[in-house]
Amino acid sequence: MSVIALVPPGVYAPQEDTELLAGALSDEPLPPGAEVLDVGTGSGALALEAARRGSRVTAVDVSWSAVWAARLNARVAGLPVRILHGNLFEPVRDEMFDVILANPPYVPAPDGHRRPPRGAARAWDAGGDGRLVVDRICRQAPGLLRPGGVLLLVQSALSGPDLTVGQLRAAGLKAAVTRRRRIPLGPVLRGRERWLRERGLLSAADDKEELVVVRAELPV
Ligand SMILES: C[S@@+](CC[C@H](N)C(=O)[O-])C[C@H]1O[C@@H](n2cnc3c(N)ncnc32)[C@H](O)[C@@H]1O
C-alpha cells in the first residue's frame, strides 16, 4: 500500500486493517473505469489504491477532518477521487457500484449501549457488540451493488464476522471470509481488555486480535 501524505490528528491513520483490505482489493480484477465506493474513507488510503488502478472512485466519510485530509491526499497523489461528506451511503443513495470497500468502526465499546461514539473514537467504537455500523452496511450495501458487484469489508473477529456473512447471504449475496490476520492487541483493545475477557470476547489465553475480510458478491 502506498504511503499517504497527510494524516492529521483525529483522522484514522492507515493500519493493519487498512492493509488487509488493500490486499483483498488487489485480488479483484478491476476493469478500467470500474465504479468503486470507499465508505468511511479516513485518510483516503483505500480510495487512492483503487484510483491508482484506473477506477472511478467515490469516497465518503462522516468526519469533516477525514474528508479534507482525503481530498488533500488525492490532490497530492494527482488522482481524481470524488470525496463526499456524509453518513454512510446517504450521499450516494441513488448510485450503483462495482466494488464497495468498507473498513468501518467495529470495536465493541463498554459504554456502547448507552451513548453513541464521539470524537476520534467514531473511527473505531461501534456500540456494545461492535456492529453498530457493520449491520447498517450489511443492510444497505447490497442495494448499491451492480450485478456481479463485490463488497469487501474488514472487521474484527470480536464483532461477529459470522453474523456479517449470514446477513449478506440472507440478502442474496455469495459471502465468505477470504482473508485473516492475527495482530497484537492495540492500545484501544488493551485499554478494555478486562471487559472483553469478562464478556468472553477474548479468552484468558488470547493476546492477539484476529482481523478478517468478508467478501460478498451479488450474483449476475
Ligand atoms: C477504521 S476507520 C478506516 C479509515 C480508512 N478507510 C482506512 O482503512 O484507513 C473508519 C472510518 O469510518 C468513518 N465513519 C464512522 N462512521 C461513519 C459513518 N456513519 N458514515 C461515514 N463514515 C463513517 C470514520 O470517520 C473513519 O474515518
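Select β4 (97-102), β5 (145-156) and β7 (208-217): each gives at least two residues to the lining of the second largest pocket. Helices (H or I, at least four residues) and strands (E, at least two) are DSSP runs, numbered from the N terminus. This is a predicted model, in which local features need pLDDT of at least 70 and side-chain atom pairs count only at pLDDT 80 or more, while totals for chains, interfaces and linings use all residues. Residues are numbered from 1 along each chain as its sequence is written, and side-chain values use heavy atoms, with hydrogens and water left out.

Stay with β5, which supplies four residues, the largest share of this lining. Now show the whole lining: Glu28, Pro29, Leu30, Pro31, Asp98, Val99, Pro147, Gly148, Gly149, Val150, Arg215 and Glu217. By class, six are nonpolar, two polar and four charged. The volume of this second largest pocket is about 160 Å³. A pocket is an open set of points on a 1 Å grid over the protein atoms alone, where a 1.4 Å probe fits, with protein on both sides within 12 Å along at least five of seven lines; lining residues have an atom within 4 Å of a point.

Next, go to the largest pocket, which holds about 1,000 Å³ of space. Among the 50 residues that line it, select Tyr12, Pro105, Arg122, Ala123 and Trp124, the closest to its centre. Its lining has 28 nonpolar, 14 polar and eight charged residues.

Then display the ligand, whose space is that largest pocket. A molecule sits in a pocket if more than half of its atoms lie within 2 Å of the grid points. Around the ligand are 18 residues, of which Gly40, Asp61, Asn87, Leu88 and Asn103 come nearest; a residue is near if one of its heavy atoms lies within 4 Å. Coloured by class, this shell shows seven nonpolar, eight polar and three charged residues.

Finish with the polar contacts (pairs of N or O atoms within 3.5 Å).

- Threonine 18: a side-chain N or O atom is 2.9 Å from an oxygen atom of the ligand.
- Threonine 41: a backbone N or O atom lies 3.4 Å from a nitrogen atom of the ligand.
- Valine 62: a backbone N or O atom lies 3.2 Å from a nitrogen atom of the ligand.

Taken alone, the ligand exposes 600 Å², and the protein buries 95% of that (Shrake-Rupley method, 1.4 Å probe).

Note on methods
A polar contact is a pair of N or O atoms within 3.5 Å; within protein, one must be able to donate a hydrogen and the other to accept it, and residues adjacent in sequence count only if both atoms are side-chain atoms. Ala, Val, Leu, Ile, Met, Phe, Trp, Tyr, Cys and Pro count as nonpolar, Asp, Glu, Lys and Arg as charged, and the others, Gly among them, as polar. Grid points are joined across faces, edges and corners, and a volume is the space filled by probe spheres set on the points.
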